[in-house]
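Please open the model in your viewer and keep the selection tool at hand. The tour goes from one selection to the next.

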Amino acid sequence: MAAAAKHLTPVLLELGGKSPVVFDSGINLKVACRRMIMGKWGCNNGQACISPDHIITTKDYAPKLLESLKNELENFYGKNPLESKDLSRIVNSNHFARLSKLLDDDKVSGKIVHGGERDKNKLRIAPTLLLDVPRDSLIMSEEIFGPLLPILTVDKIEDSFDIINSGTKPLAAYLFTNNKKLKQQFVETVSAGGLVINDTAVHLAVHSLPFGGVQESGMGAYHGKFSFDVFSHKKAVLSRGFIGDVPVRYPPYTKGKLRLLKVLISGSLLGIIRALLGWSKA
């Protein structure tokens, strides 16, 4: 962006962020977990800009959700996920070290409830679930971009929206629910680059939808026609005839003209009539 600014070149920035996943109760949990897993670990083992970063659910629903996630992870990647051919490696040693640092944080290391296995030589980290991670921990202060998944719990599911909006704006936000009112509240109150209800990451493949971030997660949007529009200047053209030229726009500006200009700006039809009749004050 800094390089482009020197030449006034338009820029689209697709960044990232801590994309949350909200789990409501009363859903098809197996399907929801499978879709969640594919969005997280199925997308390059969490190394994708739209990968779910953390889960938010209620304290009451967390145990059931956790159990379902464990079962489906084992179904997909086996009892030893480090040997799974379907799980991507960490991209390089520097990134492996960064993820290990997040996992070894004193506030986090005791919160692992599933996974956590690592193989530095093969650059592999197993899908890892962490329950009730402190919000002031290192893992919750930056985008994870890897196979680690913290689970935050709240008393009421609606409280999850406050948590999302209290942080930086994510590139994507996800909600699993059958509650129509909650869906509407999610759309109306959560600010993110894009929203998906009852799935994860799939909006990236829908070219009729604009894809991009907001504030910290990016600027501008692309995909399909939006890619063309973002780098196209929409040139405004206004053409007029010569009939109906209004003297009030030209000097000298009398009190009568000023009265009429004021009401024209206000848009009041009654005010315009009063001004024309000379009944309004300057």
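The model is a predicted one.

**Domains.** Select residues 16–227, which the domain assignment gives as domain 1. Then select 247–277 in another colour; the assignment lists this stretch as domain 2. Over C-alpha atoms, the centres of domain 1 and domain 2 are 59 Å apart.

**Largest pocket.** Next, select Lys18, Met140, Ile163, Gly167 and Thr168. Of the 15 residues lining the largest pocket, these are the closest to its centre. The volume of this pocket is about 270 Å³. Now select residues 159–166, which form helix H5. With three residues, helix H5 gives the most to the lining of the largest pocket. If you colour the lining by residue class, six residues come up as nonpolar, five as polar and four as charged.

**Cysteines.** How many disulfides does the structure hold? The number is zero. Cysteine 33 has a relative accessible area of 0%, so it counts as buried.

Is cysteine 49 buried or exposed? Cysteine 49 is buried, because its relative accessible area is 19% and the cut-off for buried is under 20%.

Note on methods: Residues numbered from 1 in each chain as written. Predicted model: local features only at pLDDT ≥ 70, side-chain atom pairs only at ≥ 80, totals over all residues. Heavy atoms only, no water. Domains from an automatic or database assignment. 1 Å grid on protein atoms, 1.4 Å probe; cavity = no way out; pocket = protein on both sides within 12 Å on 5 of 7 lines; lining within 4 Å. Points joined across faces, edges and corners; volume = space filled by probe spheres on them. Helix = DSSP H or I, 4+ residues; strand = E, 2+ residues; numbered from the N terminus. Nonpolar A, V, L, I, M, F, W, Y, C, P; charged D, E, K, R; others polar. Disulfide = S-S within 2.5 Å. Buried < 20%, exposed > 50% of the residue type's maximum accessible area, 1.4 Å probe, protein only.
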